[in-house]
Amino acid sequence: MIVGVLKQCTTRITQQGINSALHVLLDACPWGRNRLMMVESGAVSALIELELGSPEKRTTELILGILFHLCSCADGRAEFLRHKGGIAVVTKRIMRVSPAADDRAVLILSLISKFSATSWVVHEMLEVGTVTKLCMLLQLDCATYLKEKTMEILRSHSDDWLKFPCIDKTVLTRYIK
């Protein structure tokens, strides 16, 4: 399967080959059964590992697009959260790659925040800088729906985040009212 190609040592695969494999996965994502098969074959972990290698812009956009689709199912979100670098790498890509990457990253975080927000997840989002990045994103000129999604994430867990001394309460409360 294509996921096996991504799991191989990427030094033997060209960037074009990686992007081609990612395009195939992205094209297969809209169908629920395909998403489940990808999750079961280890695609979520393989994609996060690939993204941790700081690939080029287009590769990141493809990876985040696939992760968004895979996180739309419960098993995909569970696999995403099993990987210790998942939230951190998605957060890191916000405002560093492209508006398309910002879009997918926020949508991934929204799915995680809405459907899989354990106390560990909420704490992890604070520790890896997700809350700060989301507050910063609201200050940029981005799509209205993206700002609304961002505010939805911030509002949904603001009570928890405001309990931590490391969070700037004035910045967070500015956006949750």
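Trainee: Which residues touch the most other members in the largest nonpolar core?
Mentor: Leu22, Leu67, Leu70, Phe80, Val90 and Ile108 do, in a core of 47 residues. A nonpolar core here is a set of buried Ala, Val, Leu, Ile, Met, Phe, Trp, Tyr and Cys residues joined through side-chain atoms within 4.5 Å. Buried means under 20% relative accessible area, exposed means over 50%, and partly exposed is in between, with a 1.4 Å probe and protein chains only.

Trainee: Which helix gives the most to this core?
Mentor: That is α8, with seven residues. Helices are DSSP runs of H or I with at least four residues, strands are E runs of at least two, and both are numbered from the N terminus.

Trainee: Before we go on, what kind of model is this?
Mentor: It is a predicted model, where local features need pLDDT of at least 70, side-chain atom pairs count only at pLDDT 80 or more, and totals for chains, interfaces and linings use all residues. Residues are numbered from 1 along each chain as its sequence is written, and side-chain values use heavy atoms, leaving out hydrogens and water.

Trainee: Thanks! Back to α8: how many of its residues are buried?
Mentor: Twelve of the 17 are buried, so α8 is largely enclosed by the rest of the structure. Among them are Ala105, Leu107, Ile108 and Ile112.

Trainee: And what is Ile108 in contact with, leaving aside neighbours within four places in sequence?
Mentor: Ile108 is in contact with Leu64, Leu67, Phe68, Cys71, Phe80 and Val90. Contact means heavy atoms within 4.5 Å.

Trainee: How far apart are the end C-alpha atoms of α5?
Mentor: They are 20 Å apart, which agrees with the 20 Å that its 14 residues should span at 1.5 Å a residue. The expected span is 1.5 Å times one less than the number of residues.

Trainee: New topic. How many salt bridges are there?
Mentor: The count comes to five. A salt bridge is a side-chain nitrogen of Lys or Arg within 4 Å of a carboxyl oxygen of Asp or Glu.

Trainee: Which residue does Arg93 meet in a salt bridge?
Mentor: Arg93 meets Glu51, at 2.3 Å from N to O. This pair links distant parts of the chain, with Arg93 in helix α7 and Glu51 in helix α4, 42 residues apart.

Trainee: Are those two buried or exposed?
Mentor: Both Arg93 and Glu51 are buried.

Trainee: What about Arg58, which residue is its partner?
Mentor: Arg58 forms a salt bridge with Glu61, and their closest N and O atoms are 3.3 Å apart. They are three residues apart in helix α5, so about one helical turn separates them. Arg58 is partly exposed at 38% relative accessibility, whereas Glu61 is buried at 14%.

Trainee: Last one: where is Val39?
Mentor: Val39 is in helix α3, and counts as buried at 7% relative accessibility. Val39 and Gly76 are 37 residues apart in sequence, with their C-alpha atoms 5.7 Å apart in space.
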